Amino acid sequence: MTAFVGRRHELALLGAALEHARRDRPRIVVVDGPPGIGKTSLTRRFLDRSGGGEEVRLLRAGGEAAESALEYGVLAQLVPQIPRTAYDAGPLVAGSALLDHLGGLQERPGTVVLVVDDAHWADPPSLTALTFALRRLRADRVLAVAVVEHLGDARLPDGLRRLLADDSTLRLRLRGLTTSEVRELASRRNGPRLSTAAAERLRVHTQGSPLHIGTLLEEAAPQTLVDTRAPLPAPRSHTALVQARLDRCGQAARDLVQAACVLGPSGSLATAVELAGVREPLPALEEAVGAGLLEEVTGSTRTIAFPHPLLRAAVYQRLGAARRALLHAGAAVLETDRALSLRHRAAAAAGPDEEVARELECLAEEEAEAGRWNAAADHLFTAVPLTADTARRERRTCTAVEYQLLGGNVTQARGLTETLESMACTPLRQYVLGRIALATGRRERAEPLLAQAWREGTPELGRRAAEQLAWLCLAQMQGARTVEWAGRAVTPSPSSGDSSSDSPSSDSPSSGGSSSGGPYGLRDVLALGHGIRGCFARGLDLVARARGGVPDGRPELLDGLVSRGVLRLWTDDLDGARRDLGAAASARSGLVHLGPLAVAYLAEAEYRSGRWEDAVARSEQAVSLAQDSGQRWLLCLAHTVAAYPLAGRGAWQAAAAHADAAVRRARELGDPGNVAYAALAQASIQHARGNHPNVVALLAPLRSAEHRDGVDEPGVIGWREPLVEALIRTGALDEAHALLTEHETLAERRDRASALASAARLRGLLAAEQGRRAEAEAAFDTALIRLKRIEQPLEEGRTRLEYGAFLRRGGARRLAAGHLQAAHDIFDGLGAAPYLVRCRQELAACGSGTTGQTHTDPLGLTPQEYAVARLAADGLTNRQVARELVLSVKTVEYHLGHVFTKLGIASRVHLARRLP
């Protein structure tokens, strides 16, 4: 193997990162560079220097091209103890399990070092789970090192690419060795003594690659390397150099190496010996190891591996076609794993082989039934070249792409768009192209494609297309069409024939958890469709029997729970909404779209209930979950909800960051609902600042939205109330009256208490501006009476503030002071700083000061600290708190330590007494 030289700076940075992690400050490092540049050697050198025992607890895994479809293969290397049920529930649950394991390792002394080599070849579910866990490390003794070829590699999930490119991640980009390091390498390899000129020539020739330099030092004559006048070997490929090394071995060693390269990057020596037919295996192994072609791996069984993936690739590339097929055929017989055996049979095929292709298709269907979408896709892609019939080949390709979409690999699926478009225009092809368009935010393209698939496809394909169209219409706030398409998803499509398949079910993936609705999301989309039309009772009837407790790994029990929570939120049942959405948010069901949706609406329920600490923590969690699960369509909602409490507290910079992110997502999607949410996120900041002209500019365009369902519904997207107030404040009283009348009419028709209360407050403001004092006073009194029906602290605080200001201007200072003091207490409890300023100004104008102690930041705790403290006070263990908030146990311990210090307490017993 090539001796290690140089990289002192990189080793020093890795050492500093380890020290950083040892102080409970987790660190992520990415090592990138081209193949052969020494990335793996650098990490090995660092780990050798770091030691073991109590100092470092090492978790190590490596990706491999041949195993990239083996779902959770890399995660299983890191943590073999993770149960299969966690994998079946999806990458977010598997990531939670990894987070739990990292926390358990830190219960003993030492620092956890997690290394993933060749991460670009790792299976996508493992990478998604890894990203999920790493993003949630806050106060952990963990150093994570990812080794990749380049950061923009499309094989890496979007979330991981963002994490590795983040400013907080240390990037070590390896370049070729320097001239002096080339000389040092030659010396350590017992090569010729090179002059500076000779070393520089060798560096340029190999671009400083340690792998290629080492090979030339071994292969080329010493005089050729020393004499700068003699040409270096013609730019032979690495494959040719490895072949030369292999040719110098005896026949038994060559056979062993070739058999090993067909079996994989590493494997059992016994299997390789049997495949190679070697009679004396140990001498052959010794010769191969001595030539640097193989290495022994210590363990309970004798295992062999290739020192570098390029070396194995070189050996495989030089195998003749006949020899390669023969070895693969033999490996298929020896391999006990069904999937690997089929892969070997596929590789041994000289041309189309429908028998193997059908077996791969059956295996893909089984994997899909279990929700292992990426493995299913890989099996079908392996079957495609073996398929002679064009229609069948194209159908298998389309189904494989849909499996990729279901597995969250949107980037890879999108990359096959041109391939799909070159195929015959079948309903299945149109359906898959429509799903790609829908997943990538091109909804105007998605709708006609999915509609065609529904019209012309099989009943099963039509059902799936109708389901996707229902979610599309819901996003576009088209309630009637949502209900219509959801209804069609349970009835046959117009066509009962199938122009794209050779069997009735051949274009039907398993109905496990679809990332865009899934079989268990149909009731949700139907109920929400009724809700945005204003038919709340009908929607609630559909989900009345949804269960409130969801055991792990049972997605069918989540059916309807999320939509019931959302509908309860929209109809002012905030306690019921928090119960349902809290249960759904805590469920580990594997339905990646429903979890983040539940958390986002739970954050809004907490905000409306006046639990702003929880709202901030939950909304940040919703943003993170939406990013990690690839549910970009949820990000606008999550960022908007995050902006509400931050704006209410005057945290302008943080609120603006979320509002800006919401605007970016809304522009990408372009549907009325997200456009309204983004405008409201921006307007909430301007409203809290008292900048009413800006509120008008932001919200007035919503009056001309093309689709009104949901946008106009009281309690769904509350944009009318701040716009009416802003119109009143800017003197547009006639326009305010017209809009308020529309709002009141619909609120009365729906009997929506919160909307009726806000409408009465606004009617009072308008009457006051028009000089109709008796009418204004009656309207404010009505608002306060209506507020007794609901739990809406912010609305009550605003009503009392405006009522008090109105009374103070009319000379009723004593009555005014009572309302203003009550408003002050409400805003103080919320930490609503901008509103507190106005309260104090009004109280001062009344000749009164504030009473009671001000605590605009309750107990001085951050939102995350407060959320952790509240759950701990409820009796949850640290591990249960970590699971509920999707944090690491060490992060929970870290936050509790800060809570105890700030509150001056020494145990959890005192928490419940101290929390407001």
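This note walks through the strand pairings of the structure above.

1. **Basis.** The model is predicted, so read it with its limits: local features need pLDDT of at least 70, side-chain atom pairs count only at pLDDT 80 or more, and totals for chains, interfaces and linings use all residues. Residues are numbered from 1 along each chain as its sequence is written, and side-chain values use heavy atoms, with hydrogens and water left out.

2. **Strand β1.** β1 covers residues 27-32. Strands here are DSSP runs (E, at least two residues), numbered from the N terminus. Of the 6 residues in β1, 5 are buried. Buried means under 20% relative accessible area, with a 1.4 Å probe and protein chains only.

3. **β1 with β4.** β4 spans residues 142-148 and runs parallel to β1, joined by 6 bridges. Two strands count as paired if DSSP finds at least two bridges between them. Val 31 sits opposite Val 147 of β4.

4. **β1 with β5.** β5 (residues 170-173) also pairs with β1 in the parallel sense, over 4 bridges. Here Val 30 faces Arg 171 of β5.

5. **The three-stranded sheet.** β6, β8 and β7 form an open sheet in that order, with antiparallel pairing. Its edge strands are β6 (266-268) and β7 (295-297), each pairing on one side only. From one strand to the next, the twist averages 35°. The angles are taken between N-to-C directions, from 0 to 180 degrees, using axes fitted to C-alpha atoms.

6. Which residue of β8 is the bridge partner of Glu 296? Ile 304 is that partner.

Key
Buried means under 20% relative accessible area, exposed over 50%, partly exposed in between (1.4 Å probe, protein chains only).
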